[in-house]
Amino acid sequence: MPGTVCLGLFFALGMTVASHPAAVDMAVASAFQGWWRATPGRISQVLSDLLGIVVPSVAAIALVLALFLRLYRGYRRDASVLARIALVFGLCRLTSVLGKPLFVRARPRSYPEFAYPSGHVVAIAGTGMAAVLLCVWFAPRLTRWAVLTFGVATVMVALTRLVLGVHWLTDTIGSVLAVLGIGLAAASVVRLLPGPVHERALPA
């Protein structure tokens with residue numbers, strides 16, 4: 001249910017702002033206008049690339065390597081969980097690929113591709129979704145830290161995209177809604193939620 005609600009909000013927001021920026025979009029864009037040309041823009045570019053490209057890419061590679069390593073060592077149940085988490089991660093990442101041509105929203109300034117949702121925000125939020133699921137199954141005590149860490153990282157990436165003037169505020173909000181929607185729905189379908197109770201019932 002939460003996933004469906006988030007997906008509904010994602011589509012509703014996208015349809016609402018696709019043709020014309022919301023008032024809050026215009027206000028935020030005006031507040032950051034021109035910042036991308038100065039030092040804040042250079043700092044934001046580094047943080048944006050690090051958290052929105054490098055971290056998600058490294059996380060994806062690490063997840064796939066862990067999956068094959070567990071398979072190689074014969075830990076099929078662990079491998080099954082990792083495979084399902086990788087699937088959820090991949091589906092989350094697809095939301096920006098499929099969403100941009102669907103809503104065809106222009107950027108605040110001239111920039112390649114469409115705006116809604118933000119690919120960088122989707123990437124870090126999707127990484128956070130995968131990290132939380134990993135903690136739920138393999139390190140429950142770290143789950144809250146994963147939520148907090150990637151929550152902060154997602155906000156930081158969203159802020160950098162605003163400072164750089166390449167996204168509207170609602171692009172970043174929509175990105176989080178998309179990841180929560182697809183992530184929660186997919187995790188439920190592949191039995192990663194609410195916890196490892198299903199896996200405990202399986203034979204070794």
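Predicted model: local features only at pLDDT ≥ 70, side-chain atom pairs only at ≥ 80, totals over all residues.
Let me start with the loop between α4 and α5, where Glu 113 has its place. Glu 113 is not a glycine, yet its phi is positive, near 70°. Is Glu 113 buried or exposed? With a relative accessibility of 59%, Glu 113 counts as exposed, because the cut-off for that is over 50%.

Val 104 lies in the loop between α4 and α5 as well. Val 104 has a relative accessible area of 43%, so we call it partly exposed.

The peptide bond leading from Tyr 116 into Pro 117 is cis, and its omega is near -5°.

Now to the rings. How many aromatic pairs does the structure hold? There are six. One of them joins Phe 10 and Phe 11: the centres are 5.2 Å apart and the planes meet at 65°, so this pair is edge-to-face. Phe 10 is buried at 4% relative accessibility, whereas Phe 11 is partly exposed at 38%.

Phe 11 also pairs with Phe 103, and that pair is tilted, with 6.1 Å from centre to centre and 45° between the planes. This one links distant parts of the chain, since Phe 11 belongs to helix α1, residues 2–17, and Phe 103 to helix α4, 92 residues apart. Phe 103 is buried, at 5% relative accessibility.

The charged end of Arg 70 sits over the ring of Tyr 75, at 3.9 Å from the ring centre. Likewise, the charged end of Arg 84 sits over Trp 137, and there the distance to the ring centre is 5.8 Å.

Last, helix α1 itself. It has 16 residues, so at 1.5 Å a residue we expect a span of 22 Å; the end C-alpha atoms are 23 Å apart, which agrees. Which residues of α1 are buried? They are Gly 3, Cys 6, Phe 10, Leu 13, Gly 14 and Val 17. Looking down the axis of α1, you find these buried residues within an arc of 100°, and therefore they line one face of the helix. On the face turned away from that buried side are the exposed residues Thr 4, Met 15 and Thr 16.

And what covers the buried residues of α1? The cover includes α2, residues 23–31, along with α4 and α7, the latter being 169–189. Helix α4 is also where Phe 103 sits, the partner of Phe 11 in the tilted pair.

Definitions and conventions
Residues numbered from 1 in each chain as written. Heavy atoms only, no water. Helix = DSSP H or I, 4+ residues; strand = E, 2+ residues; numbered from the N terminus. Buried < 20%, exposed > 50% of the residue type's maximum accessible area, 1.4 Å probe, protein only. Phe/Tyr/Trp six-rings, centres within 6.5 Å; stacked < 30°, edge-to-face > 60°. Lys NZ or Arg CZ within 6 Å of the ring centre and 35° of its normal. Expected span 1.5 Å × (residues − 1). Arc of directions from axis to C-beta. Contact = heavy atoms within 4.5 Å.
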